[in-house]
Amino acid sequence: EVDRALDLAELAERTARDEGLEVTAPARLGVACFRVRADGMDDLALDLLNERVNAAVNADGRYLISSTRLRGRFTLRLCPLGY
């Protein structure tokens, strides 16, 4: 199960890059960190956007992503091992 979680985190990182998301830290120890980017938005606006994304994903309880701050920026955090 741990190996699968590590693989899923790496897959999430690759998918985030493919979908145009900003990978804020490489997938390590089964954790992928990324954030939504939008042209013309400053860091504060991007933080607010990503906070809304986090809330929307978690709203119905089917999926769970957490968040953290990396280098002062609000970042979405996916940890398949700790679902």
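A salt bridge is a side-chain nitrogen of Lys or Arg within 4 Å of a carboxyl oxygen of Asp or Glu. The legends below use that term for a predicted model.

**View 1. The side chains of D47 and R69 form a salt bridge.** The N to O distance is 3.2 Å. D47 belongs to helix α2 (residues 43-58) and R69 to strand β3 (residues 66-70), so this pair ties together parts that are 22 residues apart in sequence. D47 has 8% relative accessibility, so D47 counts as buried. R69 has a relative accessible area of 46% and is partly exposed.

**View 2. R69 also meets E51 in a salt bridge.** Here the N to O distance is 4.0 Å. Distant parts of the chain are linked again: R69 sits in strand β3, E51 in helix α2, and they are 18 residues apart. E51 is partly exposed, at 33% relative accessibility.

**View 3. D43 and R35 pair through their side chains.** Their salt bridge has an N to O distance of 3.5 Å. D43 is partly exposed, at 42% relative accessibility. R35 is buried, at 0% relative accessibility.

**View 4. Shared partners build one network of salt bridges.** The residues joined are E22, R35, R37, D43, D47, E51, R69 and R73. The structure holds eight salt bridges.

**View 5. Helix α1 covers residues 2-18.** This helix has 17 residues. From first C-alpha to last, α1 reaches 24 Å, close to the 24 Å expected at 1.5 Å a residue. After α1 comes G20. The phi of G20 is positive, near 85 degrees.

**View 6. Helix α1 has a buried side and a face turned away from that side.** Its buried residues are A5, A9, A12, E13 and A16. Seen down the axis of α1, they fall within an arc of 100 degrees, so they line one face of the helix. They pack against β1 (22-28), β2 (31-35) and β4 (73-78). The face turned away from the buried side carries D3, R4, D7 and D18, which are exposed.

**View 7. E13 is a residue of helix α1.** Is E13 buried or exposed? Buried means under 20% relative accessible area. E13 has 15% relative accessibility, so E13 counts as buried. Which residues does E13 contact, leaving aside neighbours within four places in sequence? They are V23, P26, A27 and A32.

Conventions: Residues numbered from 1 in each chain as written. Predicted model: local features only at pLDDT ≥ 70, side-chain atom pairs only at ≥ 80, totals over all residues. Heavy atoms only, no water. Helix = DSSP H or I, 4+ residues; strand = E, 2+ residues; numbered from the N terminus. Expected span 1.5 Å × (residues − 1). Buried < 20%, exposed > 50% of the residue type's maximum accessible area, 1.4 Å probe, protein only. Arc of directions from axis to C-beta. Contact = heavy atoms within 4.5 Å.
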